[in-house]
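Dear colleague,

Here is the structure I said I would pass on. My notes on it follow below.

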Amino acid sequence: MNICIVAGARPNFIKVAPIIHAVKKARQQGADVAYRLVYAGVESDPTLEKSLFDDLQIDRPDVFLGVDSKSLNEITGRVMGEFERYLEQYPTDVVIVVDDLASTMAAAIVTKKQGIRLAHLVAGTRSFDIKMPKEINRLVIDGLSDLLFTAGDGASNIATREGANLSQIYKVGNILMDTLRSNRNRWQRPAVADELGLEPGKYIVFTLNRKALIADRDNLSAMLGSMMKAAGDVPVVAPLRGLAQQTVEEIAKEQDAIANLRLITPLSYLEFGWLTSNAMGIVTDSGNVAEEATFNSVPCITLNSYTEHIETVREGSNVLVGEDPQLLAQAVTDMVGGQWKSSSIPDRWDGRTADRIVQILLTTAEA
């Protein structure tokens, strides 16, 4: 069986790495299975630093589709064209797509037009906000997929309500936990931790990536100010990239209260893992970071009014504050004061998700 794994952005590699390892293990055990890793973007993408692949212990993609654009519609069209050429060149039995990007949807559409089996990793996640481009992507991808790999009961129930047959839905667990569990003994304390004198449990990590949050500059400024005031003497460390870094730097110059925010250069995967797992708490707009915080039992504040990963709130260490500076201030005050809810690790966050996926692919191929 020839598997094509499609990644559309840097975070996707963290989720597909365990599948690559599981495919290799199955092959060593005698299974007739092989894979190719395809990246929708360009080979020179600065976010794909060498350390990412070294840390995840996987090779760089076999194929780069070479699509580099900020227009979602242009990305969709160009990825469809390039991926169609790929499938015409390389025999493929099943395509695995990840999450909810425009490139993910484009690959999914082409896969089904070519009559090839389609598997969606992290299926059944919803914001229920149809105004979000990613929500449209999710609906399309799940609707086209032959195999829906969900992280838990909530996502499986959503897929069922939307008409997927029970035979298509597989609750395989949270793939992100496979990567965390296999690497937590490899975390690397970054040099910047020594430079800043960071002590485990005595600093807060801040990450920012969501475009809508960055675009509302006035409210972001108010949120940053309330966060820093509530943090008091506790250092807040921010490994930011691109527009987020630029915007926060500009706001820090205008607002004295934010001047103490420790902006640092982006870290490698293993360094970031050390930073977040040893933090007093985390303030983020990333669902993946909130999931990692729940796994590490680290208090987490998410700058959004909803999450596609509701188990991080119901069972985990995550709380939602929307984009409200006052709610953020109160949550940070609780975090610094050690007043946080108890949490647990959700079902099937056991590090065996990739093995389940590969076994399902092999079994259903024979059926």
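Strand E1 (residues 2–7) and strand E2 (residues 34–39) pair in the parallel sense, with six bridges between them. Within that pairing, Cys4 is placed opposite Arg36 of E2. E1 is mostly covered, with five of its six residues buried. Please keep in mind throughout that this is a predicted model.

Six strands make up an open sheet, in the order E10-E9-E8-E11-E12-E13, and the pairing is parallel. Its edges are strand E10 (262–264) and strand E13 (318–320), each of which pairs on one side only. On average, and ignoring direction, neighbouring strands of this sheet are turned by 20 degrees against each other.

Within the sheet, strand E8 (residues 204–206) pairs in parallel with strand E9 (residues 236–239) over two bridges. E8 is also joined to E11, again in parallel, by three bridges. Val205 can be followed across both pairings: Val237 stands opposite it in E9, and Ile282 is its bridge partner in E11. From E11 the sheet goes on to E12 through three bridges, and these two strands run parallel as well. Here Ile282 stands opposite Cys300 of E12.

E11 is covered on both faces. Gly281 and Val283 are buried on one side, and Ile282 and Thr284 are buried on the other. In general, side chains in a regular strand alternate between the two faces of the sheet. Helix H13 (residues 287–296) lies across strand E11 (281–284), strand E12 (300–302) and E13, and runs at about 165 degrees to E11.

Ser317 sits in the loop between helix H14 (311–314) and E13. Is Ser317 buried or exposed? Its relative accessibility is 2%, so Ser317 counts as buried. Leaving aside neighbours within four places in sequence, Ser317 is in contact with Ala293, Thr294, Val298, Pro299, Cys300, Thr312, Trp340, Lys341 and Ser343. Cys300 in that list is the residue of E12 that stands opposite Ile282.

Helix H10 (residues 217–231) packs against helix H15 (residues 325–336) at an angle of about 25 degrees, with the axes 8 Å apart. That angle makes H10 roughly parallel to H15. The crossing of H10 and H15 is right-handed. On the H10 side the contact involves Asn219, Ala222, Met223, Ser226, Met227, Ala230 and Ala231, and on the H15 side Pro325, Leu328, Ala329, Val332, Thr333 and Val336. Sorted by class, the contact of H10 with H15 has ten nonpolar residues, three polar and no charged ones.

Helix H4 (residues 102–113) and helix H5 (residues 133–144) also pack at about 25 degrees, and their axes are 9 Å apart. H4 and H5 are therefore roughly parallel to each other. The crossing of H4 and H5 is left-handed. From H4, the residues Ala102, Thr104, Met105, Ala108, Ile109 and Lys112 meet Asn137, Val140, Ile141 and Leu144 from H5. The contact of H4 with H5 has seven nonpolar, two polar and one charged residues.

Helix H1 (residues 10–28) and helix H7 (residues 175–183) pack at about 75 degrees, with their axes 8 Å apart. H1 and H7 are therefore roughly perpendicular to each other. Ile14, Lys15, Pro18 and Ile19 of H1 meet Ile175, Leu176, Asp178 and Thr179 of H7. By class, the contact of H1 with H7 has five nonpolar residues, one polar and two charged.

The last item is Leu56, which lies in helix H2 (residues 50–56). With a relative accessibility of 3%, Leu56 counts as buried. Which residues does Leu56 touch, not counting those up to four places away in sequence? They are Phe13, Ile14, Ala17, His21, Thr179 and Tyr269. Ile14 and Thr179 also take part in the contact of H1 with H7. Leu56 and Tyr269 are 213 residues apart along the chain, and their C-alpha atoms are separated by 7.9 Å.

Regards

How values were computed:
Residues are numbered from 1 along each chain as its sequence is written. This is a predicted model: local features need pLDDT of at least 70, side-chain atom pairs count only at pLDDT 80 or more; totals for chains, interfaces and linings use all residues. Side-chain values use heavy atoms; hydrogens and water are left out. Helices (H or I, at least four residues) and strands (E, at least two) are DSSP runs, numbered from the N terminus. Buried means under 20% relative accessible area, exposed over 50%, partly exposed in between (1.4 Å probe, protein chains only). Contact means heavy atoms within 4.5 Å. Axes are lines fitted to C-alpha atoms, for helices over the stretch in contact, and angles run from 0 to 180 degrees between N-to-C directions. Angles under 35 degrees count as roughly parallel, over 145 as roughly antiparallel, 65 to 115 as roughly perpendicular and the rest as oblique. A crossing is left-handed if the near helix is turned anticlockwise from the far one by less than a right angle, and right-handed if clockwise. Ala, Val, Leu, Ile, Met, Phe, Trp, Tyr, Cys and Pro count as nonpolar, Asp, Glu, Lys and Arg as charged, and the others, Gly among them, as polar. Two strands pair if DSSP finds at least two bridges between them.
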